[in-house]
Amino acid sequence: MADDLFKAAREAMAKAYAPYSKFPVGAALRTEDGRVFSGANIEVASFPEGWCAETTALAHYVMGGGGRITEIAVVAEKMDRITPCGGCRQRLAEFATADTKLHLCDQTGVVETLTMAEILPLGFAGDTLK
Ligand code: THU
């Protein structure tokens with residue numbers, strides 16, 4: 001099952017707009033009812049205004065109605081095992097759960113699977129604000 005999520009992330013990566021870093025990234029996530037949302041990084045000439053692949057995927061997920069996220073896959077053209085940046089860990093944790101699987105991929109498929117709890121231990125959570 002993780003393999004089709006990897007393929008969705010790889011297809012998204014092909015759509016990356018990364019003319020400045022030349023570092024295409026793709027991400028895909030699946031909800032418990034089987035929907036898949038994907039995204040690529042999108043850069044802007046004013047560099048801080050660009051954003052990550054995971055963030056694009058999350059935007060599609062929110063606009064697609066949200067839901068419980070069961071797994072996430074991330075792939076980067078130039079890395080054998082990309083891990084989401086700190087900001088994206090926080091953004092993913094906003095919508096995922098501690099046991100959501102995170103598949104780290106190379107060009108051929110999943111290399112390692114971690115959980116959100118493993119990738120963002122002691123993260124700041126919104127329930128503190130309620
Ligand atoms: N990037 C992502 O898309 N996701 C990450 O988790 C790490 C970094 C993008 C942002 C930028 O377009 C490029 O990779 C180089 O940092």
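V36 counts as partly exposed, at 35% relative accessibility. The model is predicted, so local features need pLDDT of at least 70 and side-chain atom pairs count only at pLDDT 80 or more, while totals for chains, interfaces and linings use all residues. Residues are numbered from 1 along each chain as its sequence is written, and side-chain values use heavy atoms, with hydrogens and water left out.

V36 sits in strand β2. Strands (E, at least two residues) and helices (H or I, at least four) are DSSP runs, numbered from the N terminus. V36 is in contact (heavy atoms within 4.5 Å) with L5, A8, A28, L29 and R30, leaving out residues up to four places away in sequence. R89 is 53 residues from V36 along the chain, and their C-alpha atoms are 19 Å apart.

A8, one of the partners of V36, belongs to helix α1. A8 is buried, because its relative accessible area is 16%. Beyond four places in sequence, A8 touches A28, V36 and S38.

**The ligand**

Which residues surround the ligand? They are S21, F23, V25, N41, E43, C52, A53, E54, P84 and C85. A residue is near a molecule if one of its heavy atoms lies within 4 Å of it. By class, this shell has 6 nonpolar, 2 polar and 2 charged residues. Here Ala, Val, Leu, Ile, Met, Phe, Trp, Tyr, Cys and Pro count as nonpolar, Asp, Glu, Lys and Arg as charged, and the others, Gly among them, as polar.

| Residue | Protein atom | Distance to ligand oxygen |
|---|---|---|
| N41 | polar side-chain atom | 2.9 Å |
| E43 | side-chain N or O | 2.5 Å |
| C85 | backbone N or O | 2.9 Å |

The ligand taken alone exposes 370 Å², and the protein buries 76% of that. Accessible areas come from the Shrake-Rupley method with a 1.4 Å probe; for residues, only the protein chains shown count as cover.

N41 lies in the loop between β2 (36–40) and α2. Is N41 buried or exposed? N41 is buried, because its relative accessible area is 6%. A polar atom of its side chain lies 2.9 Å from the backbone nitrogen of V25. Away from its sequence neighbours up to four places off, N41 touches A16, Y17, A18, F23, P24, V25, W51, C52 and A53.

C52 is also placed in the loop between β2 and α2. Its relative accessible area is 27%, so C52 is partly exposed. With residues up to four places away left out, C52 touches A40, N41, C85 and C88. C52 and G39 are 13 residues apart along the chain, with 8.5 Å between their C-alpha atoms.

**Helix α2 and the cores**

A53, E54, T55, T56, A57, L58 and Y61 are the buried residues of α2. Their cover includes β1, β2, β3 and α3 (86–95). G65 follows α2 and has a positive phi, near 110 degrees.

A nonpolar core is a set of buried Ala, Val, Leu, Ile, Met, Phe, Trp, Tyr and Cys residues joined through side-chain atoms within 4.5 Å. The largest one has 20 residues, and L29 and I72 have the most contacts inside it. Two or more residues of this core come from each of β1 (25–31), α2 (53–63), β3 (69–76), β4 (101–105) and α4 (116–119). Another core, apart from this one, has 9 residues, including L5, A8, A73 and C105. In soluble globular proteins, nonpolar side chains tend to be buried together.

Beyond four places in sequence, the contacts of I72 are L5, A28, L29, L92, A96, T100, K101, L102, H103 and M116.

**Positive phi**

K22 is not a glycine, yet its phi is positive, about 50 degrees. K22 lies in the loop between α1 (2–13) and β1. K22 counts as exposed because its relative accessibility is 52%. L122, also a residue other than glycine, has a positive phi near 60 degrees. L122 is in the segment after α4. At 89% relative accessibility, L122 counts as exposed.

Notes:
Polar contact = N/O pair within 3.5 Å; in protein donor to acceptor, adjacent residues only side chain to side chain. Buried < 20%, exposed > 50% of the residue type's maximum accessible area, 1.4 Å probe, protein only.
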